[in-house]
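Hi,

Here is the structure I promised to pass on. Have a look at it first, and my notes follow below.

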Amino acid sequence: MEERRNLEEIILNGTEDELAQLRVWLFKESVRLENQESALCERYARLEEEELAFKDRMDAAERKLENATKKLNNDKALFDQRLKILNNGFDQLNADKKKLESEFIRLEREKAFQREDEYDALDLLFRGVNSALTLKKRYKDLMKMFHPDNISGDSYMVQLINEEYSALCRQYDISMKA
C-alpha cells in the first residue's frame with residue numbers, strides 16, 4: 001500500500017530522473033511479467049497437451065479393458081457351455097451305465113431261468129428212461145431230431161443232450177454193477 005503512494009507521488013510530483021527510473025522499472029516489470037505470462041502460457045499449453053495425451057491413454061486403456069472384459073465374458077460363457085455339455089455327457093453316461101447294469105441283471109436272470117428250463121427240458125426229454133437200453137434208444141432218437149446237420153438242428157442242445165446222456169450212462173453203469 002505504501003509503495004503505491006510512493007509511485008503516485010513520483011508520478012505526480014516526481015523529477016525527470018525519478019520518472020525515467022520509474023519508466024525503466026515499469027518497462028522491466030512489464031518485460032518480466034510478459035516473460036512470466038509467456039512461460040505460464042507455455043506451461044499451460046504443455047499441461048493441456050499432457051492432459052490430452054493422458055486422456056488418450058486412458059481411453060485406450062478403457063477400450064483395452066472393455067475388450068478384455070468382453071473376451072473374458074465370452075471365454076466364461078464358452079467354458080460354462082462346455083462344462084454344461086460335459087455334465088450332460090456324464091449324466092447320460094451314468095444313465096446308460098444304470099441301464100446297462102439293469103439290462104445285465106435282467107439277462108443274468110434270464111440266463112439262469114433259461115438254464116433251469118434247459119435242465120427241465122432235458123428231464124422231459126429223458127423222462128421215462130429206466131434202463132440202459134431205453135436210454136440208448138432215446139439218445140438215438142434225440143440225436144436224429146437235434147443234430148446240427150438237420151434243418152431245425154441245434155448244436156447247443158446236442159451238447160446238453162450229450163452231457164445228460166453221459167451222466168445217465170454213468171448212473172446206469174453204476175446201478176448195473178451193484
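The largest nonpolar core has 15 residues, a nonpolar core being a set of buried Ala, Val, Leu, Ile, Met, Phe, Trp, Tyr and Cys residues joined through side-chain atoms within 4.5 Å. Leu125, Phe126, Leu135 and Ile161 have the most contacts inside this core. Two or more residues each come from helix H2 (16-125), helix H3 (132-146) and helix H4 (155-177), and H4 gives the most, with seven. Helices here are DSSP runs (H or I, at least four residues; strands are E, at least two), numbered from the N terminus.

This is a predicted model, where local features need pLDDT of at least 70, side-chain atom pairs count only at pLDDT 80 or more, and totals for chains, interfaces and linings use all residues. Residues are numbered from 1 along each chain as its sequence is written, and side-chain values use heavy atoms, leaving out hydrogens and water.

Overall, the protein has four helices and zero strands. Buried residues (under 20% relative accessible area, with exposed over 50% and partly exposed in between; 1.4 Å probe, protein chains only) make up 10% of the 178 residues.

Leaving aside residues up to four places away in sequence, Phe126 touches Leu135, Arg138, Leu142, Ile161, Glu164, Tyr165 and Leu168 (contact means heavy atoms within 4.5 Å).

There's also one aromatic pair in the whole structure. The ring centres of Tyr139 and Tyr165 are 3.9 Å apart with planes at 20°, so the pair is stacked (rings of Phe, Tyr and Trp, its six-membered ring, pair with centres within 6.5 Å; planes under 30 degrees apart are stacked, over 60 edge-to-face, the rest tilted). Tyr139 sits in H3 and Tyr165 in H4, so the pair ties together parts 26 residues apart in sequence. Both Tyr139 and Tyr165 are buried.

Cheers
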